[in-house]
Amino acid sequence: MNRTASPHTTGVLPDAAVVQRRVLRVLVASQVLSGAGLAAGVTVGALLAQDMLGATGLAGLPSALFTAGSALTAVVVGRVSQRHGRRPGLAAGYLTGAVGSLGVIVAAVLDSPVLLFVALFVYGAGTATNLQARYAGADLAPRDHRARAVSTVLVATTLGGVAGPNLAAPTGTFAEKLGIPGLAGPFLLSGAAYALAALVLAVRLRPDPLLTARALADAGPEDATAGGTTAITTDRDGHGGVVLGALIMVLTQLVMVAIMTMTPVYLHDHGHGTAASGVVIAVHIAAMYLPSPLTGWLVDRFGRLRIAAASGLTLLASGVLAATAPGDSVALLALALALLGLGWNFGLVSGTAIITDAVPLATRARTQGMVDVSIAVAGATGGISSGLVVAASGYPVLALTGGVLALAVLPAVAATAYRR
């Protein structure tokens with residue numbers, strides 16, 4: 001059967017380049033909003049748990065819970081997107097994150113750790129959806145521009161991600177006026193931000209990028225390149241590409257989450273308040289997303305493997321600096337977390353490009369969802385182990401261990417380069 005119509009047109013295939021520009025605009029708008037929602041939990045999640053439990057050992061549990069929740073969401077969003085398109089999958093994911101944010105606020109008011117942990121698990125849906133959105137940016141992009149398309153979506157998270165942590169203190173003050181514990185205040189922001197992101201996608205992400213890409217691919221190479229858009233291609237070594245891309249992103253996520261989670265606690269233990277933690281996390285999130293356009297260009301220009309190797313080296317530098325920085329030096333810890341964010345960015349953009357290159361359109365969303373499950377599990381592992389490591393050995397040991405672990409990316413990249 002010859003399909004010549006897109007999901008939202010009759011008989012006429014859309015110009016892929018035109019649709020791609022619209023898709024990127026809508027994704028950018030939703031990512032600005034979701035970035036603010038994502039940053040709220042990162043900034044105060046560990047502090048809220050520490051305050052409610054009165055112990056540091058389980059302070060990493062919130063990060064583990066919302067990353068575990070993101071693992072389940074990654075599967076669901078991937079499967080919904082595979083069957084119905086990116087729009088319903090992403091919108092549902094953000095709406096679930098908004099529900100989780102509301103649950104955290106209720107748990108804080110009731111002083112219920114059990115409800116807090118359940119709500120943080122649900123809140124993790126927003127984290128998974130924020131990452132899944134990057135794949136939507138690459139659906140209609142030609143191979144030599146995929147990394148830049150992914151980067152465009154990622155960089156949009158910077159605006160909300162940087163603003164979110166710096167609003168921790170003001171939202172905390174506002175929450176207290178409403179009779180809500182101050183540490184739950186940022187979740188008021190995250191709930192509203194995730195709900196608005198869901199609304200933007202549900203209303204504006206038309207035509208759907210994944211369904212449009214399939215229609216163009218089914219129409220044949222000549223139609224798929226209409227308007228000067230390069231045909232969408234995949235590598236032959238699909239399995240190897242999926243394994244390598246997943247490994248790169250799993251390692252970078254594990255190291256990033258572990259060090260990031262306990263940095264606010266480390267600062268708090270050295271007498272710094274929420275504002276200082278907010279600044280450090282804002283710098284970190286800016287470094288996670290702001291370099292994305294440059295990273296995308298580097299990946300497309302110099303290759304996926306070189307930038308993947310750079311991610312391991314950058315994360316090592318971050319771990320060493322965090323381990324040796326004095327606890328009273330906000331500036332040095334901010335620099336360490338900036339390197340942590342940059343190394344994560346290198347790994348995520350290069351790994352995403354490798355995965356997208358390797359997977360055919362027929363199974364793309366489902367496979368991407370499963371890959372993001374492994375990323376979320378790695379984040380959960382890093383989050384829950386970080387508190388235990390700090391309680392047993394201290395923050396410097398955690399930071400140095402994470403940096404050394406990131407070097408495992410290098411032999412995998414070297415082996416792949418040798419086979420090629």
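**A helix pair and its surroundings**

Tutor: Leu120, Tyr123, Gly126 and Thr127 in α4 touch Phe187, Ser190 and Tyr194 in α7. Contact here means heavy atoms within 4.5 Å. By class, the contact of α4 with α7 holds four nonpolar, three polar and no charged residues. Ala, Val, Leu, Ile, Met, Phe, Trp, Tyr, Cys and Pro count as nonpolar, Asp, Glu, Lys and Arg as charged, and the others, Gly among them, as polar.

Some ground rules come next. This is a predicted model, in which local features need pLDDT of at least 70 and side-chain atom pairs count only at pLDDT 80 or more, while totals for chains, interfaces and linings use all residues. Residues are numbered from 1 along each chain as its sequence is written, and side-chain values use heavy atoms, with hydrogens and water left out. Helices (H or I, at least four residues) and strands (E, at least two) are DSSP runs, numbered from the N terminus.

Now the geometry. α4 and α7 pack at about 50°, and their axes are 11 Å apart. That makes α4 oblique to α7. Axes are lines fitted to C-alpha atoms, for helices over the stretch in contact, and angles run from 0 to 180 degrees between N-to-C directions. Under 35 degrees counts as roughly parallel, over 145 as roughly antiparallel, 65 to 115 as roughly perpendicular, and the rest as oblique. The crossing of α4 past α7 is left-handed. A crossing is left-handed if the near helix is turned anticlockwise from the far one by less than a right angle, and right-handed if clockwise.

Look at the loops next. Asp111 sits in the loop between α3 (86–110) and α4 (113–138). Asp111 is not a glycine, yet its phi is positive, about 55°. Pro207 lies in the loop between α7 and α8 (209–219). Arg206 and Pro207 are joined by a cis peptide bond, with omega about -5°.

α7 (residues 185–204) also packs with α6 (residues 168–177), at an angle of about 100° with axes 6 Å apart. α6 and α7 are therefore roughly perpendicular to each other. Ala168, Thr171, Gly172, Phe174 and Ala175 in α6 meet Gly185, Pro186, Leu188 and Leu189 in α7. Six of the residues in the contact of α6 with α7 are nonpolar, three are polar and none is charged.

For comparison, take another pair. The axes of α12 (residues 292–302) and α14 (residues 330–358) come within 10 Å and cross at roughly 45°. α12 and α14 are therefore oblique to each other. α12 passes α14 in a right-handed crossing. On the α12 side are Ser292, Thr295, Gly296 and Val299; they meet Asn345, Phe346, Val349, Ser350 and Ala353 in α14. The contact of α12 with α14 has four nonpolar, five polar and no charged residues.
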